[in-house]
Amino acid sequence: MPEPAAVPTGLADEVPATVPDGDRHEHAEQQLGTTGVAYRAVGGAEAAAANLAWWDADADDYQAAHGDFLGDADFVWCPEGVREAEARLLGDVRGKRVLEVGCGQAACSRWLASAGAAAVATDLSAGMLRHAREGNERTGVAVPLVQANAEVLPFASGSFDAACSAFGALPFVPSIETVFAEVRRVLRPGSPWVFSVTHPMRWIFPDDPGPQGLTVTQPYFDRTPYLEVDEAGEATYVEYHRTLGDYVRALAGTGFTLEDLVEPEWPAGHTRTWGQWSPLRGKLFPGTAIFRTRLA
Ligand SMILES: C[S@@+](CC[C@H](N)C(=O)[O-])C[C@H]1O[C@@H](n2cnc3c(N)ncnc32)[C@H](O)[C@@H]1O
C-alpha cells in the first residue's frame with residue numbers, strides 16, 4: 001500500500017474532495033469499451049480513429065461538465081480562466097478572418113464574431129460540432145462550422161488573417177509540424193497563430209487534481225504517447241506529449257516566430273477543478289502553456 005502523498009504546507013484547504021462527475025468520462029469509456037491504459041507508439045490512422053470516436057462519445061459529458069465555465073460566446077483559453085477579452089493575445093480582430101482549430105462547442109469563435117471578426121470554427125468531431133450548432137442557435141451568433149481534421153484544413157491558401165486554438169487538436173495529433181504547416185498555408189504572412197495546450201511539465205505527474213498528482217511518475221523526455229485501450233489493446237483515446245523545446249523547434253521549422261509563452265498563474269479565489277487542473281496543483285506549477293506566435 002503506497003503512502004498517501006504529502007500536501008505541501010499551507011495548501012491543505014486546496015485539496016479537492018473528489019474528481020468532478022463530468023471529468024470521469026464513464027459514458028465514453030463504456031461506449032468505447034475502454035479497459036485500461038498503455039504507453040506505446042501509435043500511428044496517425046489509429047490515433048485519428050480513436051480520437052474521433054472518443055470526442056463523439058464524450059461530447060455531451062464535456063459540454064455538461066464545462067459548458068457553464070466556457071460560456072456560450074466567450075473566449076476562455078484555459079482552466080485557469082484567462083479570457084481573450086482581457087489578454088488580447090490575438091490583437092485586434094475586428095474585420096479579420098479568424099480560423100479556430102479544434103473549436104469544440106465554438107464559444108471562442110462566437111466571442112470572436114461578437115468582437116467583429118469573421119470567425120470560422122473547425123473540429124474533427126461531429127458530436128462536438130452538434131453542441132457548436134446548438135450554441136449558434138441559442139445565441140443567434142451563427143458562426144460557420146466546418147468538420148475538419150486540423151492536419152488537412154479544407155481552406156484556400158492565404159485565406160485567414162489569424163488562427164487560434166484553445167486546447168483543440170494539437171494534443172491529439174501525431175505531428176504538430178503537420179498542423180503548423182497547414183495553419184501556415186491558410187494564413188496570410190504576418191498573421192498571428194495563438195494556441196493553448198497542457199503545459200508540457202504536467203506530463204511527469206499523474207492526471208490527478210489531488211495530492212497524488214504531486215509526485216513525479218513519468219520522465220519528461222519520454223514522448224511515448226498515452227493511450228486508453230479496449231480489451232483487444234486497440235486505442236480508444238490517444239494523447240501525445242511534446243517538450244517545450246519540441247514546440248519551439250516545430251514552430252521555428254514551420255516559419256512561425258514565438259512572441260510570447262504565457263504560463264497563466266492560478267488566480268486567487270478560483271476554486272474550480274477541471275480534470276487534473278486544481279487550485280492545489282495550480283499554486284505549485286503551471287498547468288497551461290499559451291504560445292503566441294506569428295507567421296514570419
Ligand atoms: C479539449 S477539447 C477543446 C475544445 C474547445 N476549444 C474548448 O476549449 O472547450 C479538444 C477538441 O479538439 C478536437 N480535436 C481532436 N483532434 C482533432 C483533430 N485532429 N482535428 C481537429 N480537431 C480535433 C476535439 O474534437 C475537441 O473538440
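In strand S7, Asp 230 is the bridge partner of Thr 34. The structure is a predicted model, in which local features need pLDDT of at least 70 and side-chain atom pairs count only at pLDDT 80 or more, whereas totals for chains, interfaces and linings use all residues. Residues are numbered from 1 along each chain as its sequence is written.

Strand S1 (residues 34-39) pairs with strand S7 (residues 226-230) in the antiparallel sense over five bridges; strands are DSSP runs (E, at least two residues), as are helices (H or I, at least four residues), numbered from the N terminus, and two strands pair if DSSP finds at least two bridges between them. S7 is in turn joined by four bridges to strand S8 (residues 235-239), again in antiparallel fashion, with Tyr 226 standing opposite Glu 239 and Glu 228 having Tyr 237 as its bridge partner. S7 and S8 form a hairpin with four residues between them, and Gly 233 in the turn has a positive phi of about 85°. The result is an open sheet with the order S1-S7-S8, in which S1 and S8 are the edge strands, each pairing on one side only.

**The seven-stranded sheet.** A further open sheet, with mixed pairing, has the order S4-S3-S2-S5-S6-S10-S9. Strand S4 (145-147) and strand S9 (256-262) each have a single partner strand, so one side of each is left without a neighbour in the sheet. Neighbouring strands of this sheet are turned by 20° against each other on average, direction ignored. Helix H4 (residues 107-114) lies across strand S2 (97-101), strand S3 (118-123) and strand S5 (162-166), and runs at about 175° to S3.

**Helix pairs.** Two pairs of helices are set out below; axes are lines fitted to C-alpha atoms, for helices over the stretch in contact, and angles run from 0 to 180 degrees between N-to-C directions.

| Helix pair | Axes come within | Crossing angle |
|---|---|---|
| H6 (residues 176-186) and H7 (residues 244-253) | 9 Å | roughly 35° |
| H2 and H5 (residues 126-139) | 7 Å | roughly 35° |

Ile 176, Glu 177 and Phe 180 of H6 make the contact with Ala 250, Leu 251 and Gly 253 of H7, where two residues are in contact if their C-beta atoms, placed from the backbone, lie within 7 Å. In the other pair, Trp 55, Asp 56, Ala 59 and Gln 63 of H2 meet Ala 126, Gly 127, Met 128, Arg 130 and His 131 of H5.

The end C-alpha atoms of residues 98-190 lie 13 Å apart, and the span is 35% helix and 19% strand.
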